[in-house]
Amino acid sequence: MEFRVLAIGDVTSEEGTAHLRRHLPGFKKMKGVDFTVINGENISGTGLTPQQADDLFAAGADVITLGNHTFGKVQVSNFLEENPYILRPANFTGRAPGRGWAVYDCGRVQVGVLNLIGRCGLDFNAENPFTADRILKNAGKPTFVLVDFHAQATSEKLAMRYYLDGRVSALWGTHTHVPTADAGVCEKGTGYITDLGMTGPARSVLGIRPEQSVEFFLGGLPGRYQTAEGPCRLQGALFTLDSGTGLCVGVERIEVS
């Protein structure tokens with residue numbers, strides 16, 4: 001029996017959330033999506049509020065994952081403790097509020113979701129993400145295991161691909177906001193893509209006004225980043241999983257304008 005998982009790349013603004021509300025329900029119905037994971041750490045630019053998380057759930061998220069901007073909005077800390085459907089990176093220190101791993105009962109299947117953060121190029125005092133197998137060994141036996149690896153370096157993401165191949169159902173990268181062309185099923189059956197892309201304004205630099213980004217690279221003082229305007233697009237990947245093996249049988253990169 002097949003189970004379809006939709007993973008959606010970093011939502012970069014309120015406009016990106018509005019785009020999800022308009023397009024996600026119909027897309028999920030058309031594609032027969034059973035479970036949706038959305039990375040939501042950039043809705044406020046750096047971080048998200050509890051209200052923005054609720055908006056993502058209303059738009060169609062089953063689980064929200066985060067990353068290096070997890071605590072960009074401090075008011076989310078209590079929300080992380082209270083809501084089991086929002087995950088921060090599991091390899092944050094044990095003093096951080098919230099959880100980085102959970103198993104969700106979907107009736108005929110159980111879905112485990114693991115959120116990790118990379119250390120290469122991210123200025124964050126996280127534990128080694130390659131010790132994630134300790135979590136997996138103690139995770140019981142959910143039907144499927146999904147991993148959002150929020151990391152800067154493609155090398156770190158690719159290394160994780162080979163490290164977890166055959167041990168998780170699907171592994172995708174977030175954080176760089178630019179979709180990669182390597183979606184597919186790995187040798188041992190794990191579905192993979194290096195980066196999902198982002199959900200937000202199409203004419204932007206990672207969701208912000210291009211003029212501000214150009215000014216920054218010219219050496220100017222662009223000020224606080226402002227969300228770009230104009231039409232949005234939703235980017236991500238659709239993983240088709242086999243409930244008999246717990247592995248992936250197909251990956252499709254998606255983009256909805």
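**Notes on the salt bridges, pockets and surface**

1. Glu-255 comes out as partly exposed, at 39% relative accessibility. Its salt-bridge partner is Arg-253, with the closest N and O atoms 3.8 Å apart. Arg-253 also counts as partly exposed, at 37%. Keep in mind while reading that this is a predicted model.

2. How many salt bridges turn up in the whole structure? The search finds 8. One of them joins Asp-34 to Arg-108, where the closest N and O atoms are 3.7 Å apart. Asp-34 sits in the loop between H1 and strand E3 (35–39), and Arg-108 in the loop between strand E6 (101–105) and strand E7 (110–117), so this pair ties together parts that are 74 residues apart in sequence. As for accessibility, Asp-34 is partly exposed at 33%, and Arg-108 is partly exposed at 45%.

3. Have a look at Arg-203, Arg-209 and Glu-211, which are linked in a network of salt bridges. Within it, Glu-211 pairs with Arg-203, the closest N and O atoms being 3.3 Å apart. Is Arg-203 buried or exposed? With 55% relative accessibility, it counts as exposed because the cut-off for that class is over 50%. Glu-211, at 38%, is partly exposed.

4. On to the pockets. The largest pocket holds about 760 Å³ of space and is lined by 30 residues. Nearest its centre are Asn-42, Gly-45, Leu-206, Ile-208 and Tyr-225. By class, the lining has 17 polar, 8 nonpolar and 5 charged residues. Helix H1 (14–31) and H6 each supply at least two lining residues, and H6 gives the largest share, 3 residues.

5. The second largest pocket has a volume of about 230 Å³. It has 15 lining residues, and those closest to its centre are Gly-140, Pro-142, Val-145, Arg-167 and Val-168.

6. Besides being one of the residues nearest the centre of the largest pocket, Leu-206 forms a nonpolar surface patch with Val-178 and Val-205. Together the three have about 230 Å² of accessible area.

7. Lastly, Pro-25 lies in helix H1 and is partly exposed, with a relative accessible area of 45%. How far apart in space are Pro-25 and Thr-174? They are 22 Å apart, C-alpha to C-alpha, and 149 residues apart in sequence.

How values were computed:
Residues are numbered from 1 along each chain as its sequence is written. This is a predicted model: local features need pLDDT of at least 70, side-chain atom pairs count only at pLDDT 80 or more; totals for chains, interfaces and linings use all residues. Side-chain values use heavy atoms; hydrogens and water are left out. Patches are made of residues with over 30% relative accessible area and no salt bridge: like charges are joined within 9 Å, nonpolar side chains (Val, Leu, Ile, Met, Phe, Trp, Tyr) within 5 Å. Accessible areas come from the Shrake-Rupley method with a 1.4 Å probe; for residues, only the protein chains shown count as cover. A salt bridge is a side-chain nitrogen of Lys or Arg within 4 Å of a carboxyl oxygen of Asp or Glu. On a 1 Å grid over the protein atoms alone, a cavity is a set of points where a 1.4 Å probe fits but cannot get out, and a pocket is an open set with protein on both sides within 12 Å along at least five of seven lines; lining residues have an atom within 4 Å of a point. Grid points are joined across faces, edges and corners, and a volume is the space filled by probe spheres set on the points. Helices (H or I, at least four residues) and strands (E, at least two) are DSSP runs, numbered from the N terminus. Ala, Val, Leu, Ile, Met, Phe, Trp, Tyr, Cys and Pro count as nonpolar, Asp, Glu, Lys and Arg as charged, and the others, Gly among them, as polar. Buried means under 20% relative accessible area, exposed over 50%, partly exposed in between (1.4 Å probe, protein chains only).
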